[in-house]
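Here are my notes on the model. Please read them alongside the coordinates.

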Amino acid sequence: MKKITNRIKFYLDALLGLLYPNYCPGCGNSLVMGEKYICMQCVINLPYTYFKSSRKNVVSELLMGRFKFQKASSLCYFVKGGRLQKLLHNLKYEHKPQIGIELGIYLGNDLIKNGLTDFDVIVPVPLHHKKKKIRGYNQSEAIAEGITRAIDKPIDVKSIERVIFTDTQTKKDKFQRWDNVKDIFEIKYPENLKNKHILIVDDVITTGATIEALARKIETIENVKISVACVAIAKKM
Ligand SMILES: [Zn+2]
């Protein structure tokens with residue numbers, strides 16, 4: 001029976017693919033059978049960092065000395081104009097949370113390879129509730145959802161809130177950014193996170209100011225450890 005259902009599903013998928021072809025947001029090519037949201041060519045050719053989650057990597061170097069963390073890792077480098085930028089743009093602005101889930105699965109598998117699996121809970125960088133309402137979802141939550149499919153750990157989206165709505169930060173320098181973000185998060189339920197190793201998850205890290213603001217608030221909770229994982233890290237500041 002299962003075999004027949006699978007076969008029907010196979011033909012239905014094929015038929016739907018013919019009627020409504022899906023395109024890969026990374027390169028614009030149409031997706032073929034077996035490709036869900038990102039085509040295989042894009043998956044193979046993403047600008048992977050290939051670094052182990054040791055302290056010697058670009059994310060660690062960027063965050064070092066700003067707060068205390070166990071490990072930090074990024075799946076890819078952020079390359080301007082590249083396919084990953086297109087994928088991340090679709091994830092954020094084109095209502096495609098599925099891309100976040102798929103990238104999250106790859107990130108999760110990468111964390112396994114790098115030995116970053118000893119955390120207790122995943123905290124996606126919170127979005128302000130107004131922004132979440134506009135976007136329909138939090139892209140970091142979608143990535144976290146993907147990670148849990150590779151590493152079975154709970155996601156906490158309740159204990160910390162983003163209480164200040166910030167404008168886009170692209171034009172501000174490092175110090176202005178810090179001033180702008182240092183109090184944007186508030187811990188609502190510290191008891192949920194105390195004594196835990198928390199994996200902070202973000203889509204892209206550029207200056208690291210947002211992660212630092214979040215981590216410094218988390219550090220005020222009793223006996224916590226922090227690690228950081230993101231899909232992409234900007235190579236040059
Ligand atoms: Zn593609």
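**Notes on the zinc site and the surface**

1. Start with Cys42. Its relative accessibility is 0%, so Cys42 counts as buried (buried is under 20% relative accessible area, exposed over 50%, partly exposed in between; 1.4 Å probe, protein chains only).

2. Basis. This is a predicted model, with residues numbered from 1 along each chain as its sequence is written. Local features need pLDDT of at least 70, side-chain atom pairs count only at pLDDT 80 or more, totals for chains, interfaces and linings use all residues, and side-chain values use heavy atoms, with hydrogens and water left out.

3. Zinc donors. Cys24, Cys27, Cys39 and Cys42 each supply SG to the zinc ion, at 2.3 to 2.4 Å (donors are N, O and S atoms within 2.8 Å of the metal, 3.2 Å for Na, K and Ca; water is not among the atoms, so sites may look incomplete). Their spacing along the chain is C-x2-C-x11-C-x2-C.

4. What is tied together? Cys27 sits in the loop between α1 (2–19) and α2 (40–44), and Cys42 in helix α2, so this pair links parts 15 residues apart in sequence (helices are DSSP runs of H or I, at least four residues, numbered from the N terminus).

5. Geometry. The donor angles at the zinc ion run from 101 to 113°, which makes the arrangement tetrahedral (four donors, all angles between 85 and 135 degrees). The ideal angle for four tetrahedral donors is 109.5 degrees.

6. Cys39 is buried, at 5% relative accessibility. Cys27 is partly exposed, with 32% relative accessible area.

7. Helix α1. Ile4 is in this helix. At 51% relative accessibility, Ile4 is exposed.

Terms used: Tetrahedral: all angles 85-135°; square planar, octahedral: opposite > 155°, others 65-115°. Helix = DSSP H or I, 4+ residues; strand = E, 2+ residues; numbered from the N terminus.
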